[in-house]
Amino acid sequence: MTDYIPTRVLTVDPSAPDPQIIAEAAAVIRAGGLVAFPTETVYGLGANALDERAVARIFQAKGRPATDPIIAHIANAHQLDALARDVPPVAYALAQRFWPGPLTLVVWRRPIVPANLSAGRATVAVRMPSHPVALALITAADAPIAAPSANRFSRPSPTTAAHVLDDLAGRIDLVLDGGPTPVGVESSVVDLTVDPPVLLRPGGVTVAALRELLPDVIFTPRYLTADGEAAPAPGMLLRHYAPNATLIVVEGGRDAALARIRHEALTAISAGKRIGVLAFDEDAPELSDLPVQVVTLGPATDPEKVAQRLFAALREIERAGVDLILVRDPGQEGLSLAIRDRLVRAAEGRVISAEP
Ligand code: TXA
Ligand code: MG
């Protein structure tokens with residue numbers, strides 16, 4: 001158990017944050033405290049990245065294993081060179097193109113970076129977020145800010161301040177409530193310390209966009225069980241986003257997948273189970289005759305909308321108290337690759353095919 005901390009909430013204008021509120025939050029960071037704040041992807045749980053004790057508090061508040069390293073968030077390009085050495089030219093090109101924005105670069109760590117931030121690795125992950133509140137906070141704190149997603153370990157990432165409070169109220173000092181986060185899935189994480197570079201996590205920057213500057217980038221999704229072989233990259237464990245129910249991703253063409261979802265739902269219902277379906281908007285009417293809880297994800301044709309809603313939808317269907325959740329595979333095009341990745345993790349790798 002961590003000690004109880006009264007968690008304050010301050011509302012900020014997401015596009016023009018009040019400098020006084022930002023100064024208050026920055027003072028908490030400088031004093032070694034924990035501040036949850038909005039980024040364009042998801043809410044982060046921030047602490048001074050150069051303060052080993054403050055970083056340790058992040059792990060404790062989240063219940064995060066010390067083996068999973070944390071991203072350092074910066075507000076100007078000079079901070080990259082302060083944290084990292086031997087930064088390859090392509091890193092600057094990527095930064096130029098995608099920062100501020102949802103891209104995280106794994107580079108070689110300088111000794112100034114506390115070892116616990118990097119979970120003892122020789123590398124450090126760095127990103128410059130584009131959210132005005134995040135940028136203002138990092139600038140006012142006058143230090144890079146360490147921030148994992150502001151959820152308890154293995155819970156869906158938070159896209160609202162309410163999600164943060166659900167998981168972390170009483171465990172952190174302050175939440176800056178800047179409304180829902182615009183992207184909704186986390187940053188893409190690229191390891192530039194290996195050749196060829198490896199996409200460790202698909203996210204807000206698509207593979208196609210990355211390939212324009214990193215034509216040889218590799219992405220081989222691996223969904224390892226907690227007791228499986230040693231994870232090639234941290235944070236690749238299954239159950240990372242697992243809700244409290246079994247989730248199954250159904251692959252295949254739309255009609256076949258919907259038929260399979262119907263079949264799986266009816267079979268489970270006759271076994272006395274309560275069923276939930278995470279449904280694309282256009283699929284929901286086709287399921288309306290079934291005694292299932294439907295939570296909509298947005299239009300299948302609009303992955304940006306689905307990404308925005310995804311984690312809120314996972315939390316919502318979890319609260320519905322169902323035993324089994326079914327969801328149709330969103331595909332892998334553009335942002336859908338990141339959406340699919342989060343769903344497959346929440347499903348602990350349970351993917352079934354609707355095609356014969
Ligand atoms: O969009 C985001 O990236 C959000 C916002 C708050 O910036 N942050 C986030 O942090 O998603 P977190 O800790 O939930 O996920 C960071 C991922 C993890 O999979 C972690 O293992 C990986 O980045 N990571 C961090 N440092 C690393 C390193 N040095 N080497 C390899 N992977 C690293
Ligand atoms: Mg996370």
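1. Let's start with ligand 1: 24 residues surround it, and the closest are Thr41, Asp68, His73, Ser187 and Arg201. Here a residue counts as near if one of its heavy atoms lies within 4 Å of the molecule. Keep in mind that this is a predicted model, where local features need pLDDT of at least 70 and side-chain atom pairs count only at pLDDT 80 or more, while totals for chains, interfaces and linings use all residues. Residues are numbered from 1 along each chain as its sequence is written, ligands are numbered from 1 in the order in which they are written, and side-chain values use heavy atoms, with hydrogens and water left out.

2. Which atoms of ligand 1 does Ser187 approach? An N or O atom in the Ser187 side chain is 2.5 Å from an oxygen atom of ligand 1.

3. Now look at Lys62 in helix H2 (residues 52-62); helices are DSSP runs of H or I, at least four residues. Lys62 is buried but has no salt bridge, and Asp68, the nearest side chain of opposite charge, is 7.2 Å away. Buried means under 20% relative accessible area (1.4 Å probe, protein chains only), and a salt bridge puts a side-chain nitrogen of Lys or Arg within 4 Å of a carboxyl oxygen of Asp or Glu. What Lys62 does reach, at 2.6 Å, is the backbone oxygen of Ser149.

Notes:
Helices (H or I, at least four residues) and strands (E, at least two) are DSSP runs, numbered from the N terminus. Buried means under 20% relative accessible area, exposed over 50%, partly exposed in between (1.4 Å probe, protein chains only). Lys and Arg count as positive and Asp and Glu as negative; His and the chain ends are not counted. A polar contact is a pair of N or O atoms within 3.5 Å; within protein, one must be able to donate a hydrogen and the other to accept it, and residues adjacent in sequence count only if both atoms are side-chain atoms.
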